[in-house]
Amino acid sequence: MGIRFVLMVNKQGQTRLAQYYEYLTLEERRALEGEIVRKCLARNEQQCSFVEHRNYKIVYRRYASLFFLVGVDDGENELAILEFIHLLVETMDRHFGNVCELDIMFHLEKAHFMLEEMVMNGCVVETNKSNILTPIQLMDKTS
């Protein structure tokens, strides 16, 4: 298993989306998110996008007002995870049209669904944007 969790956080450090691929209690999640968010948001743009925290390697990227943070195992390729984050943002851009924090807040179930189409049990299983978005578009047509 490579990916342990995916977080989307705004500039103020408020979590907008959290998806975990391993069991953690709510208290453990809250503490972990707080520590990671403080550590990543305190870094400047000249520093690299990789941080080690506890037994995780955190790969993060900022797009507009959102930070995308992915916690992975030590052996995982950081550049592949950066590519995954970029793919996630491009997929959301295609669906929402220049994704922003409000899109995530008002369409949280769609954001989770996109992530679930891309990642299963911590492994990236789908990278084709059309294949990821087709089920969501079908749901939009029926509602």
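The legends below describe close-up views of a predicted model.

**View 1**
Five strands, in the order β2-β1-β5-β4-β3, make up an open sheet whose pairing is antiparallel.

**View 1. Strand β1 and its two partners.**
Strand β1 (residues 3-10) is mostly covered, with 8 of its 8 residues buried. Towards β2, it is joined by 5 bridges in an antiparallel arrangement, and within this pairing Val9 has Thr15 as its bridge partner, while Val6 stands opposite Gln19. Towards β5, β1 is joined by 7 bridges, again running antiparallel, and here the bridge partner of Leu7 is Leu69. In a regular strand the side chains alternate between the two faces of the sheet.

The strands β1 and β2 form a hairpin in which 4 residues lie between them, and Gly13 in the turn has a positive phi of about 90 degrees. Gln19, which stands opposite Val6 in the pairing of these strands, is also 9.0 Å from Glu116, C-alpha to C-alpha, although the two are 97 residues apart in sequence. Glu116 belongs to helix α4 (residues 108-118) and, at 42% relative accessibility, counts as partly exposed.

**View 2. Two loop residues with positive phi.**
Most residues other than glycine have a negative phi. Arg54, which is not a glycine, has a positive phi of about 55 degrees, and it is found in the loop between β3 (50-53) and β4 (56-63). With 54% relative accessibility, Arg54 counts as exposed, because the cut-off for that class is over 50%. Ala64, likewise not a glycine, has a positive phi of about 55 degrees and lies in the loop between β4 and β5 (66-72). Its relative accessible area is 63%, and Ala64 is therefore exposed.

In one of them, the side chains of Arg4 and Asp73 meet at 2.6 Å, N to O. This pair links distant parts of the chain, with Arg4 in strand β1 and Asp73 in the loop between β5 and α2 (78-96), 69 residues apart. Arg4 and Asp73 are also linked with Glu22 in a network of salt bridges.

**View 3. The salt bridge between Arg62 and Glu45.**
The side chains of Arg62 and Glu45 meet in a salt bridge with an N to O distance of 4.0 Å. Arg62 lies in strand β4, whereas Glu45 lies in the loop between α1 (26-41) and β3, so the pair ties together parts that are 17 residues apart in sequence. Arg62 counts as partly exposed at 38% relative accessibility, while Glu45, with a relative accessible area of 70%, is exposed.

Glu90 and Lys129 meet through their side chains in a salt bridge of 3.1 Å, N to O. The pair links distant parts of the chain, Glu90 being in helix α2 and Lys129 in helix α5 (residues 129-142), 39 residues apart. Both ends are partly exposed: Glu90 has a relative accessible area of 31%, and Lys129 has one of 21%.

**View 4. Cysteines.**
A disulfide is a covalent bond between the sulfur atoms of two cysteines. In this model the count comes to 0 disulfides, and for Cys48 the nearest cysteine sulfur, that of Cys40, is 10 Å away. Because a disulfide requires sulfur atoms within 2.5 Å, Cys48 is in no disulfide. Cys48 is partly exposed, with a relative accessible area of 42%, and Cys100 also counts as partly exposed, at 31% relative accessibility.

**View 5. A nonpolar patch on the surface.**
Leu102, Met105 and Phe106 form a nonpolar patch on the surface, and together they have about 320 Å² of accessible area. Met105 has its place in helix α3 (residues 101-106) and counts as partly exposed, at 38% relative accessibility.

Conventions. Residues numbered from 1 in each chain as written. Predicted model: local features only at pLDDT ≥ 70, side-chain atom pairs only at ≥ 80, totals over all residues. Heavy atoms only, no water. Buried < 20%, exposed > 50% of the residue type's maximum accessible area, 1.4 Å probe, protein only. Patch = residues over 30% accessible without salt bridge, like charges linked within 9 Å, V, L, I, M, F, W, Y side chains within 5 Å. Areas by Shrake-Rupley, 256 points an atom, 1.4 Å probe, with all protein chains shown as cover. Pairing = 2+ DSSP bridges.
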